[in-house]
Amino acid sequence: MDALKDSILQLITETSTNLPPDVRQAIHAAKAKEDAGTRATLALSTISHNIEVAEENISPICQDTGMLTFEIHVPVGVNQIEMSKAIHTAVVEATKQGKLRPNSVDSLTGENSGDNIGEGTPVIHYHQWEKDEIEVRLILKGGGCENKNIQYSLPCELEGLGRAGRDLDGIRKCILHSVYQAQGQGCSAGFIGVGVGGDRTTGYELAKKQLFRKVTDTNPNEDLAQLEDYIMEKANTLSIGTMGFGGNTTLLGCKIGAMNRLPASFFVSVAYNCWAFRRQGVTLNTDGQITSWLYKDEEITTEKGEEKAQSTPSGTRQIELTAPITEEQIRDLKVGDVVIINGPMHTGRDALHKYLMDHDSPVDLNGGVIYHCGPVMLKDEAGTWHVKAAGPTTSIREEPYQADIIKKFGIRAVIGKGGMGPKTLAGLKEHGAVYLNAIGGAAQYYANCIEKVDGVDFMKFGVPEAMWHLQVKGFAAIVTMDSHGNSLHADVDKSSLEKLSELKDPVF
């Protein structure tokens, strides 16, 4: 099983650090469709640059390396117990090497196992077949896009679209609504897998299986092929755009599968995946050695080194700030400004925000910057921490806390992705703070902006949830919620809902 363990480790590393050609081509095509000098172009340029850096450094594309889900086909007689042991060993090793972030958390205690092994993790699905080879497919799906999965029970009423019935047109409405409700919180532009039918469990499973299809394939079912093409056309008229900044591309791929259902149940299940569509696969011989790769047979037309991260859309102000930041500096900012952060920055996610509601901070946050980020970290032999990946996490989870934390500690800037809600927007206005939207998934781009790790608190929360104290230089993000009550996210949500409503009339 040593050969199998090494092969799985190679598969995990490749999946985490190198997007497959069909995904790259979809992102490249999306960039070509955007108007020059826009926020969408800025985001896609940063994304493209990040993809190249991750491949060159063999480092995670996104810091949220997600839930590992293996779909495995084996010949009759393969020892699945021993195979699972080899997979677990490979997962532990990949975590030690910094190819995976420790993401397995006990749901009752909140304790992080530290090695991605725990009850139910990783997910491994075995299927027997008559071939004499082993096929292993792997998807790394992060929490931000996993949270935007959605399941509909037909018939139902949908915002902007009205009644969705138990027919192909009802399915159409559900899929369009799923794209609308994701907005920029799932790191759009994204990919969706759709499962029609089944029960609540098998419907979601079918939806996720669609994500293993290539972006370039054609559905063998003519009705579903037609629906996939329709969704790709119409979803991109919603103008949600990359990161929810607005733009011409909101959806990069749509794959739909169907299965039988009970007479009383009609589910449409949607698995949303961010642009960092990390899935890969291999075939193995019965000795566990790789004989071929499943998603590497297409050429990549983009040339190495052509992608450069852009800093500022045309006609946009760029302002440099260093903490402690004054209220006067914050009040001068407005939605659309690009802010370059230098100096100290502190990470904070769910566990820290909950803690700070009832406790003091271990560091002075007055005038400071909080970064919604759960980085991938490695410690060297000298005991020094190094940042391996550090993109933003989805901010909306902190909505119950953020305004109170800003008031309590005098925070001036909050960095994350996907925007926040009305409570935070009111808090920004009242207390003089801004929300800065970083580019979701661009974990290598932002890791390169971190010059030093000053220290860490609350390691008891686990690496992703700990409070990391960082020194940064040239850390760029866009003001999407300012201290004057303006929110780009609210504006995009409103305009995309209006465009969604234009698609309510029956088509099929």
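Q: How many residue pairs are in polar contact between domain 1 and domain 3?
A: A polar contact is a pair of N or O atoms within 3.5 Å; within protein, one must be able to donate a hydrogen and the other to accept it, and residues adjacent in sequence count only if both atoms are side-chain atoms. Between domain 1 and domain 3 the count is nine residue pairs, both at pLDDT 80 or more. This is a predicted model, in which local features need pLDDT of at least 70, side-chain atom pairs count only at pLDDT 80 or more, and totals for chains, interfaces and linings use all residues. Residues are numbered from 1 along each chain as its sequence is written, and side-chain values use heavy atoms, with hydrogens and water left out.

Q: Which helix gives the most to the side of domain 1 that touches domain 3?
A: Helices (H or I, at least four residues) and strands (E, at least two) are DSSP runs, numbered from the N terminus. Helix H3, residues 39-57, gives the most to that side, with 10 residues.

Q: Where are the domain bounds?
A: Such bounds come from an automatic or database domain assignment. Domain 1 takes in 1-141 + 289-316, domain 2 is 143-275 and domain 3 is 318-489.

Q: What area do domain 1 and domain 3 bury between them?
A: The size of an interface is often given as the accessible area lost when the parts come together. Buried area here is that loss (1.4 Å probe), summed over both parts. Domain 1 and domain 3 bury about 2,100 Å², with 62% of it on carbon and sulfur atoms. On the domain 1 side, Arg39, Gln63 and Arg101 lose the most area to domain 3, together 28% of what that side buries.

Q: How many salt bridges does the rule find across this interface?
A: The rule asks for a side-chain nitrogen of Lys or Arg within 4 Å of a carboxyl oxygen of Asp or Glu. Across the interface of domain 1 and domain 3 it finds zero.

Q: Which peptide bonds are cis, and where do they lie?
A: Most residues other than glycine have a negative phi, and most peptide bonds are trans. A cis bond joins Thr121 and Pro122, with omega about -5°; Pro122 lies in the loop between helix H4 (80-96) and strand E2 (123-129). Another cis bond runs from Ser188 to Ala189, with omega near 0°, and Ala189 lies in the loop between helix H6 (168-182) and strand E7 (190-196).

Q: What is phi of Asn116?
A: Asn116 has a positive phi, near 70°, and lies in the loop between H4 and E2.

Conventions:
Buried area is the accessible area (1.4 Å probe) that two parts lose on being put together, summed over both.
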